[in-house]
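Morning, everyone. Let me put the structure up, and then we'll walk through it.

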Amino acid sequence: MESGFPAAVFTLLGELPKETWCGSDLYNLEGFWYASSLLPAIMAARSNFRANDCDVFLTSSMKTGTTWLKAIIPTIMNPVGRTNDDGHDPLLKHHPNELMPSLEVQLFKENPNPDLSDMPCPRLFRTHVPYHMLPETVKNSACKIVYITRDPKDTFVSLWHFFNSLVTAVGNDPWPMNEAFESFCRGVHVFGPFHDHVLGYWKESIKRPEKILFLRYEDMKKDPKEQLRKLACFLGRPFEKEEEVDKVLWRCSLERLKHLEVNQRGVDPWLGFDYKFYFRRGSVGDWKNNITDEMKEKLDRVTATKFEGSGLEFGH
Ligand code: PAP
């Protein structure tokens with residue numbers, strides 16, 4: 001069997017419900033859809049990852065503002081992140097994906113049992129898996145979980161643009177938006193259903209606010225300083241001066257990151273995606289430029305039904 005992953009994982013793949021999505025196969029395990037290329041790593045991480053109390057986990061469904069936080073969290077946690085020493089800013093040379101390694105895309109992709117013991121504390125990780133799929137020690141240790149979500153309509157539009165850019169960049173036909181939209185409303189997309197993903201972390205964050213910080217992209221855009229202060233306190237690294245907040249926000253701003261050479265020309269070595277595709281408009285309400293009134297109403301209805309009684313709302 002290839003790369004040390006148990007044979008049972010590959011046998012399981014053949015038994016799971018399958019759908020084609022954006023030209024690839026997705027498999028449904030315990031109610032969520034995963035790319036076959038990532039599922040062995042997801043299952044290995046779930047069984048084999050051991051959390052430390054000092055770890056920080058960034059969790060999200062795709063295209064909800066994760067890259068912003070992949071930049072912000074390391075900058076907050078890094079002692080030079082809030083100083084004036086711009087020359088040593090890791091973001092100058094590294095796409096944010098490199099600063100918070102992904103369990104499924106990077107660490108467990110080739111090896112089901114990687115040795116992570118030499119990573120310095122605090123270790124920073126990210127994952128797109130739903131709450132129930134997290135390794136037990138992540139749920140049960142004192143490590144921190146930051147979750148970011150976004151209006152489903154903007155999330156869908158961002159997801160479509162991202163994958164459409166990827167398929168057209170290699171000369172394939174554009175991904176029909178109607179097809180992508182119908183799949184999203186049915187919950188069939190990578191790491192979907194989006195609404196169930198959000199609900200899993202939302203419910204847990206209500207039960208354990210000291211464990212899970214639940215953030216929204218819209219709040220980050222509306223009052224970034226307030227959200228950053230909240231995040232820094234949650235991570236045990238409160239800001240001492242206002243200038244530190246400004247510094248982190250500037251370093252991690254879309255405008256800055258988008259224009260750095262590493263992000264304009266670099267390619268993600270694990271996924272083969274151009275780094276530039278992670279940075280687009282970064283606005284709230286971009287769905288108005290992309291989907292019809294009918295689509296808006298349909299997705300709003302799905303959202304209202306799914307979130308009914310949860311206290312969660314996205315309205316703009
Ligand atoms: P991922 O799930 O592949 O990591 P993610 O970063 O969650 O993607 O989502 C990408 C969105 O975040 C893009 O939104 P858009 O398509 O609506 O434009 C991207 O532009 C936005 N984004 C990336 N970096 C930043 C940033 N530094 N500040 C604000 N938004 C950002």
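What is the strand order in the open sheet of three strands? The order is E1-E2-E3, and the pairing is antiparallel. Strand E1, 18-21, and strand E3, 32-35, sit at the edges, each pairing on one side only. On average, neighbouring strands here are turned by 40° against each other, ignoring direction. Keep in mind that this is a predicted model.

Now E1 and E2. Strand E2 covers residues 24-29, and four bridges join E1 and E2 in the antiparallel sense. Trp 21 stands opposite Ser 24 in E2. In the loop between E1 and E2 you find Cys 22. Its phi is near 50°, a positive value in a residue other than glycine. Buried or exposed? Cys 22 counts as buried, because its relative accessibility is 15%, under the 20% cut-off.

Lys 63 also has a positive phi, near 70°. Look for Lys 63 in the loop between strand E4, 56-60, and helix H3, 66-77. Lys 63 counts as buried, at 13% relative accessibility.

Next, the cis peptide bonds. One runs from Cys 121 to Pro 122, with omega near 0°. Pro 122 is in the loop between helix H5 and strand E5. Another runs from Gly 192 to Pro 193, with omega near 5°. That proline, Pro 193, lies between helix H8 and helix H9, in the loop.

Last, a helix pair. H7, residues 152-169, packs on H15, residues 293-307, at about 120°, with axes 10 Å apart. The two are therefore oblique to each other. From H7 come Pro 152, Lys 153 and Phe 156; they meet H15 residues including Leu 299 and Asp 300. The contact residues divide into three nonpolar, one polar and three charged.

Terms used. Residues numbered from 1 in each chain as written. Predicted model: local features only at pLDDT ≥ 70, side-chain atom pairs only at ≥ 80, totals over all residues. Heavy atoms only, no water. Pairing = 2+ DSSP bridges. Axes fitted to C-alpha atoms, helices over the stretch in contact; angles between N-to-C directions. Parallel < 35°, antiparallel > 145°, perpendicular 65-115°, else oblique. Contact = heavy atoms within 4.5 Å. Nonpolar A, V, L, I, M, F, W, Y, C, P; charged D, E, K, R; others polar. Buried < 20%, exposed > 50% of the residue type's maximum accessible area, 1.4 Å probe, protein only.
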